Amino acid sequence: MSPPKENVSLLFKLYCLTVMTLVAATYTVALRYTRTVETELYFSTTAVCITEIIKLFLSVGILAKETGSLARLITSLKENVFGSPTELLKLSVPSLVYALQNNMAFVALSNLDAAVYQVTYQLKIPCTALCTVLMLNRTLSKLQWFSVFMLCGGVTLVQWKPAQATKVQVEQNPWLGFGAIAVAVLCSGFAGVYFEKVLKSSDTSLWVRNIQMYLSGIVVTLFGVYMSDGAQVLEKGFFYGYTYYVWFVIFLASVGGLYTSVVVKYTDNIMKGFSAAAAIVLSTVASVILFGLQITVTFSLGALLVCISIYLYGLPRQDTTKIQPSETKSSKERLATV
């Protein structure tokens with residue numbers, strides 16, 4: 001999955017763009033289906049936990065291929081994982097935040113239409129922008145800040161008169177859905193920038209970092225299962241309500257998680273912007289077909305503004321593949337820099 005050199009080719013970037021777009025759009029629609037159409041709801045906390053376990057095994061497998069032999073793999077794990085408690089603790093921060101974000105995504109999609117969720121979730125861009133300025137010593141151009149406000153306007157239009165679904169079999173609470181989205185957005189902004197800073201601040205293998213994060217992630221999500229659904233899981237079973245569709249959602253979440261780390265390591269905002277915009281279009285079209293989603297003029301205008309703002313925000317003014325050196329500017333000065 002990862003390229004042999006730090007200088008990634010255009011072909012590899014296009015490959016990541018295609019996979020990310022398809023996975024994001026398919027995941028949104030499939031997750032919504034499992035949470036609103038099926039009668040026996042599975043425990044979302046167990047699904048998040050299983051996702052972390054699968055991502056861990058996939059990362060170990062890719063690291064094994066990267067190291068070239070079982071002996072080197074064991075040595076790498078001993079030195080960088082089991083022999084580095086400080087690094088494990090450092091990567092437990094995004095694990096905790098990502099686990100909360102994933103659970104909030106389940107709550108949001110249980111109470112919002114797929115297209116509304118996908119567009120509203122783009123609020124992670126202004127949140128990420130602020131975290132990038134404050135945590136990575138970067139600045140944003142006038143065009144990028146303009147795109148942030150344009151995005152907020154688009155999202156406001158989407159929320160002003162949400163599209164309605166006509167084939168949902170469970171009662172939904174839009175306010176709970178938007179509240180869950182708000183928490184997920186904050187988690188995404190902070191955890192994404194924090195993980196980027198950790199990845200680009202050292203030469204440690206991406207897959208070693210992933211293993212460190214997923215180990216703590218498993219612990220965190222298991223705790224979440226116990227706290228949220230412990231009694232019901234003991235009564236009904238860990239895999240209660242699991243169907244082929246649920247396993248498909250878990251698979252998509254696992255693959256999406258790995259590609260997210262690859263994108264953070266090797267690519268830039270342009271790729272993520274195009275991917276997010278394309279995923280909005282695809283999931284909206286799928287929702288019209290699968291859930292009878294009624295697209296209004298207000299919703300369409302908001303979605304259009306979001307797509308334009310995502311594109312504008314992805315026009316970087318500087319090299320974003322490396323951490324910028326610390327400057328003497330204050331946080332307020334960096335926020336005002338154009």
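Modeller: pLDDT is the predictor's confidence in each residue, on a scale from 0 to 100. This is a predicted model, in which local features need pLDDT of at least 70 and side-chain atom pairs count only at pLDDT 80 or more, while totals for chains, interfaces and linings use all residues. Residues are numbered from 1 along each chain as its sequence is written, and side-chain values use heavy atoms, with hydrogens and water left out.

Colleague: What is the mean pLDDT of the protein, and where is confidence lowest and highest?

Modeller: The mean is 80, and 83% of the residues reach 70 or more. Confidence is lowest in helix H13 (residues 331–336), with a mean of 59, and highest in helix H2 (residues 44–67), with 93. Where pLDDT is low, the predicted coordinates should not be read in detail.

Colleague: How many helices and strands are there in the protein?

Modeller: The protein has 13 helices and 0 strands. Both are DSSP runs numbered from the N terminus (helices H or I, at least four residues; strands E, at least two). Of the 338 residues, 51% are buried.

Colleague: What makes H2 roughly antiparallel to H9?

Modeller: The axes of H2 and helix H9 (residues 206–236) cross at roughly 160 degrees and come within 8 Å. Angles under 35 degrees count as roughly parallel, over 145 as roughly antiparallel, 65 to 115 as roughly perpendicular and the rest as oblique. The angle therefore makes H2 roughly antiparallel to H9. Their contact has 16 nonpolar, 8 polar and 4 charged residues.

Colleague: Why is H8 called oblique to H10?

Modeller: Helix H10 (residues 244–266) and H8 pack at about 60 degrees, their axes 9 Å apart. That angle belongs to the rest in the scheme of angles, so H8 is oblique to H10.

Colleague: How do you know that the side chains of Arg32 and Asp113 meet in a salt bridge?

Modeller: A salt bridge is a side-chain nitrogen of Lys or Arg within 4 Å of a carboxyl oxygen of Asp or Glu. For Arg32 and Asp113 the N to O distance is 3.0 Å, so the pair meets the rule. The pair links distant parts of the chain, 81 residues apart: Arg32 is in helix H1 (residues 10–36), and Asp113 is in the loop between helix H4 (85–111) and helix H5 (114–120). By this rule the count is 5 salt bridges.

Colleague: Why do Arg32 and Asp113 count as buried?

Modeller: Buried means under 20% relative accessible area, exposed over 50%, and partly exposed in between (1.4 Å probe, protein chains only). Arg32 has 1% relative accessibility, so Arg32 counts as buried. Asp113 has 7%, so Asp113 counts as buried too.

Colleague: What makes Lys90 and Glu87 partly exposed?

Modeller: Lys90 has a relative accessible area of 30%, so Lys90 is partly exposed. Glu87 has 21%, which means that Glu87 is partly exposed as well. The two form a salt bridge, with the closest N and O atoms 3.4 Å apart. Lys90 and Glu87 are 3 residues apart in helix H4, so about one helical turn separates them.

Colleague: Where do Lys200 and Glu196 lie, and are they buried or exposed?

Modeller: Both lie in helix H8 (residues 174–200), 4 residues apart, about one turn of the helix. Lys200 and Glu196 are both buried, and their side chains meet in a salt bridge at 3.1 Å, N to O. Elsewhere, salt bridges that share partners join Glu87, Lys90 and Arg209 into one network.

Notes. Axes fitted to C-alpha atoms, helices over the stretch in contact; angles between N-to-C directions. Nonpolar A, V, L, I, M, F, W, Y, C, P; charged D, E, K, R; others polar.
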